[in-house]
Amino acid sequence: MAHIVIDESELLEKAIKRFKRMVEKEGIIREFKKREYYEKPSTILNRKKKANARKLMKKTRKGRADY
């Protein structure tokens, strides 16, 4: 879990920016949005398969461009 320590002399806006960066870096918001609704296991599997297929297609297209 992300947490920051604020000094007496630190501006609140600066501390908020630091907190936002930390939350984004840890992927907390992304994880929350992903878990916001229930997703069936078969849907998760299909999404992962499609993502792997796209990655493979992109990799093969890059390989052909070198010739």
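**Legends to the views of the predicted model**

**View 1. Secondary structure of the protein chain.** The protein chain holds three helices and zero strands. The model shown here and in the views below is predicted. Read from the N terminus, the order of the elements is α-α-α. One of the helices, H1, covers residues 12-26.

**View 2. Overall dimensions of the protein chain.** The C-alpha trace spans about 60 × 40 × 15 Å along its principal axes. The radius of gyration of the protein chain is 20 Å, whereas a compact globule of 67 residues would have a value near 11 Å.

**View 3. Surface and burial.** About 7,100 Å² of the protein chain is accessible surface, and carbon and sulfur atoms account for 58% of this area. Among the 67 residues of the protein chain, 7% count as buried.

**View 4. Charged side chains.** The protein chain carries 22 positive and 10 negative side chains.

**View 5. A nonpolar patch on the surface.** The patch is formed by Ile6, Leu12 and Ile16. Together, these three residues have about 280 Å² of accessible area.

View 6. Leu12 counts as exposed because its relative accessibility is 52%, and the cut-off for an exposed residue is over 50%.

Definitions and conventions
Residues are numbered from 1 along each chain as its sequence is written. This is a predicted model: local features need pLDDT of at least 70, side-chain atom pairs count only at pLDDT 80 or more; totals for chains, interfaces and linings use all residues. Side-chain values use heavy atoms; hydrogens and water are left out. Helices (H or I, at least four residues) and strands (E, at least two) are DSSP runs, numbered from the N terminus. The radius of gyration is taken over C-alpha atoms; the globule rule is 2.2 Å times the number of residues to the power 0.38. Buried means under 20% relative accessible area, exposed over 50%, partly exposed in between (1.4 Å probe, protein chains only). Accessible areas come from the Shrake-Rupley method with a 1.4 Å probe; for residues, only the protein chains shown count as cover. Lys and Arg count as positive and Asp and Glu as negative; His and the chain ends are not counted. The place of a charge is taken as NZ of Lys, CZ of Arg, CG of Asp or CD of Glu. Patches are made of residues with over 30% relative accessible area and no salt bridge: like charges are joined within 9 Å, nonpolar side chains (Val, Leu, Ile, Met, Phe, Trp, Tyr) within 5 Å. A salt bridge is a side-chain nitrogen of Lys or Arg within 4 Å of a carboxyl oxygen of Asp or Glu.
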